[in-house]
Amino acid sequence: MSKRKPGFGKQLAELHRWNGWIVLILAITGLLLSWETVRGWLSGHFRNPVKQLHIILGILSGVLIFLYLPLMKRHLKQIRQRPKQKGNLSFVMVLLIGWLLSGIVLWQIRKFPPEWANGALIVHDLLTWAGVPYIIYHSVTRIKWMKKPERRAIKTTDAIDDPITQAPSVAAHTKVPYSEPTPWINRRQFLRWSLGAALTVAIAPSFFRWLTTATGGTISTAPGGMKDVSDAANGMLPNPTPLPDSVNVVGGGAKGYFRVYTVTPLPTFDSKTWSFTINGLVDKPATWNWEQFLALSRTVQVSDFHCVTGWSVYKNTWEGIPLSALLKQAGLKSNAKFVKFYSGDGVYTDTLTLEQANMDDVMVAVLHDGKPIHRDYGGPVRLIVPKMYAYKSVKWLDRIELIDKDHIGYWEERGYDTDAWVNT
Ligand SMILES: Nc1nc2c(c(=O)[nH]1)N[C@H]1C(S)=C(S)[C@@H](COP(=O)(O)O)O[C@H]1N2
Ligand SMILES: [Mo]
């Protein structure tokens, strides 16, 4: 203690305080971005600012780690006889550094292959599942009335050995004569245990659901694809008859799970009123009803699906109409330069250049792994652009328009890159 430079304890305490606030806001913004039920409340205009804030705070948290590293050796020496604090410190460091590294991959997602992003997202999520409850526990149990009475009693900084936890030094401890009344121990321990149990009970079910879905692509090899496609898939009748290639799904079906994204309440469709239109700068504009649409000839492809937020679904067997065939059938006017896609949700749109639209794996899809596409995942008809991030893959597609000037899509308008190519 005598060797301590003045200010060391204060420095640590300051770092701890800043770190606490930054991690708190990171947790809140992170949950806003990823939690399905909450994500819906964030309208499109908020998503990107929240994401930017999350990224900036993540970088700041990296700076704090950087500032802490030179102090770490001395801090470790100080707490060498406090296994609980050492445990806490190592766990928090694993959390922070893990979040930081996986966060960098997710932030710079386009610089990495999609497998990296998928791994980084799983790490980021897993650390959140473990870290957020731990941090809640850690924060609450350090509120004064949850501490041992003799720790609460220490006021003078001289007697404090660890400036972060305010724990007294061993020497100081022995100087404070205190006999703890037994009932209080029980009560304090009871509170801690209840808190721990409550957190576990609150989180376990969602955690296990996450384990079986989000990690479906890598940890488990079970076919995943879409949850529950068997029920009333999308309200359309008759069901499309799948081609043989589509039924014999390659490799046993998709690997990984789709997260359901929508920027509106889920739209509902009915085969009696649904229609699909191609118009704009074409020679033969057309509108099909469901039965007519099902009569268009389809092909089958197997492709990967990558969301720009990190998750992927591999080996999807899609059956549908190649976009190039639809364009050819419509006959393009010479001034047609871009293809604009409209979602039946009335809000979401996106565009491709003619050249992109004519890539042979761009598909107006009707079946996934041999089954009708569930409405949650864009059924009855969705666009698939495997070589680009999935914000190009417009769900509930019901209109294609040929235009002469570029159109900025829904997410591109809100900060996503207009260059959506996946770096494979
Ligand atoms: N109409 C519509 N299409 C959409 C979206 C959307 O919110 N609305 N989200 C896009 C994004 S960002 C992704 S990753 C995929 C998600 O598809 P899924 O919800 O079937 O998993 O759909 C894309 N197409
Ligand atoms: Mo996405």
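These are my notebook entries on a predicted model, taken region by region.

**Ground rules**

I number residues from 1 along each chain as its sequence is written, and I letter chains from A and number ligands from 1 in the order in which they are written. Since the model is predicted, I need pLDDT of at least 70 for local features and 80 or more for side-chain atom pairs, while totals for chains, interfaces and linings use all residues, and side-chain values rest on heavy atoms, with hydrogens and water left out.

**Entry 1: the annotated spans**

I started with the record. UniProt, in an unreviewed entry, places "transmembrane region" at residues 21-41, 53-71, 91-110, 116-137 and 190-211. Its positions are in the numbering used here, the feature names are shortened, and the annotations may be inferred rather than shown by experiment.

I then looked up two of these spans in the model. Residues 53-71 are 100% helix and 0% strand, with 28 Å between the end C-alpha atoms. Residues 116-137 are also 100% helix and 0% strand, and there the end C-alpha atoms are 31 Å apart.

Val23 belongs to helix α1, residues 8-34. Is Val23 buried or exposed? It is buried, at 11% relative accessibility; my cut-offs are under 20% relative accessible area for buried, over 50% for exposed and partly exposed in between, with a 1.4 Å probe and protein chains only. The C-alpha atom of Val23 is 8.2 Å from that of Leu57, and the two residues are 34 apart along the chain.

Gln189 sits in helix α8, residues 182-213, and at 38% relative accessibility it is partly exposed. Its C-alpha atom is 10.0 Å from that of Thr141, 48 residues away along the chain.

**Entry 2: ligand 1**

Which residues are closest to ligand 1? They are Arg259, Tyr261, Arg382, Ser393 and Lys395, out of 20 residues that surround it; a residue counts as near if one of its heavy atoms lies within 4 Å. I sorted this shell into 13 nonpolar, 3 polar and 4 charged residues. In that sorting Ala, Val, Leu, Ile, Met, Phe, Trp, Tyr, Cys and Pro are nonpolar, Asp, Glu, Lys and Arg are charged, and the others, Gly among them, are polar.

Next I checked the oxygen atoms of ligand 1. One is 2.4 Å from a side-chain N or O atom of Lys395. A backbone N or O atom of Arg259 is 2.5 Å from a ligand oxygen, and for a backbone N or O atom of Val263 the distance is 3.5 Å. Taken alone, ligand 1 exposes 530 Å², of which the protein buries 99%. The areas come from the Shrake-Rupley method with a 1.4 Å probe; for residues, only the protein chains shown count as cover.

**Entry 3: the largest nonpolar core**

This core has 47 residues, and Phe276, Phe293, Val364 and Ile400 have the most contacts inside it. I count a core as a set of buried Ala, Val, Leu, Ile, Met, Phe, Trp, Tyr and Cys residues joined through side-chain atoms within 4.5 Å. Elements that each supply at least two of its residues include β3 (275-280), α10 (290-295), β9 (363-368) and β12 (397-403). Which element gives the most? It is α11, with 4 residues.

Most residues other than glycine have a negative phi, and most peptide bonds are trans, so I went looking for exceptions.

- Leu237 and Pro238 are joined by a cis peptide bond with omega about 0°; Pro238 is in the loop between α8 and α9 (244-247).
- Gly379 to Pro380 is also cis, with omega near 15°, and Pro380 is in the loop between β10 (371-372) and β11 (382-384).
- Lys315, in strand β6 (residues 312-322), has a positive phi of about 55° and is partly exposed at 41%.
- Asp369, in the loop between β9 and β10, has phi near 50° and is buried at 15%.

**Entry 4: around these sites**

His368 is in strand β9 and is buried, at 5% relative accessibility. Its side chain makes a 2.8 Å polar contact with that of Asn316. A polar contact here is a pair of N or O atoms within 3.5 Å; within protein, one must be able to donate a hydrogen and the other to accept it, and residues adjacent in sequence count only if both atoms are side-chain atoms.

Gly252 lies in the loop between α9 and β3 and is partly exposed at 45%. Its C-alpha atom is 9.0 Å from that of Lys315, 63 residues away along the chain.
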